[in-house]
Amino acid sequence: MLIADVLVLFVVSQVPLLFVQSYAAILICQILAGLPFPALNAGLLGFLYGKTPDNIQGWASAVFETTVGILGAACPAMVGWLLQQPDLGFTAVMGVAVACSVAGLAISLAGPLRSIPTPERWSEVAL
């Protein structure tokens, strides 16, 4: 539930930026979006590393961080291109952010993430 709740807050906090582009709105929306991310990281990564055997923690970290790093490296290129497009700019970037956050929310609500138990029951679940 924590993962879905954080993603719901992220989606809700980003939607206003499709319509308002003031500095204050950007600041408030990004603060609201970022505040719960430590809880999201703890919920997702805590389970991943809690279930991964100690002798392959480094391997799991390398695979996860490489995957995230590749996507993170491509993002500035796409955003830079979008920002230069006439009549699109910031709204297009926020449209992509909202679309990606809605996709993440859908995955968290429909997928196996909903079945991650509390830490006390991690020993009962296979990774």
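How many helices and strands does the secondary structure of the chain come to? The count is five helices and zero strands, where helices (H or I, at least four residues) and strands (E, at least two) are DSSP runs numbered from the N terminus. Along the sequence the pattern reads α-α-α-α-α.

This is a predicted model, in which local features need pLDDT of at least 70 and side-chain atom pairs count only at pLDDT 80 or more, while totals for chains, interfaces and linings use all residues. Residues are numbered from 1 along each chain as its sequence is written, and side-chain values use heavy atoms, with hydrogens and water left out.

**The chain as a whole**

| Property of the chain | Value |
|---|---|
| Accessible surface (Shrake-Rupley method, 1.4 Å probe) | about 8,200 Å² |
| Part of that surface from carbon and sulfur atoms | 73% |
| Buried residues among the 127 residues | 25% |

Buried means under 20% relative accessible area, exposed over 50%, and partly exposed in between (1.4 Å probe, protein chains only). A contact means heavy atoms within 4.5 Å. Of the contacts in the chain with a separation of 6 or more, 61% are between residues 24 or more positions apart.

**Helix α4**

Helix α4 covers residues 57-83. The expected span of a helix is 1.5 Å times one less than its number of residues; for the 27 residues of α4 this gives 39 Å, which agrees with the 39 Å between its end C-alpha atoms. Gln57, Ala60, Ser61 and Leu82 are the buried residues of α4. Their cover includes α3 (37-51) and α5 (89-110).

**The aromatic pair**

One aromatic pair is found in the whole structure; rings of Phe, Tyr and Trp (its six-membered ring) pair if their centres lie within 6.5 Å, and planes under 30 degrees apart count as stacked, over 60 as edge-to-face and the rest as tilted. The ring centres of Phe10 and Phe37 are 5.6 Å apart and the planes are at 70°, so this pair is edge-to-face. Because Phe10 lies in helix α1 (residues 2-14) and Phe37 in helix α3, the pair ties together parts 27 residues apart in sequence. Phe37 counts as partly exposed, at 29% relative accessibility.

**The lining of the largest pocket**

The most comes from α4, with nine residues.
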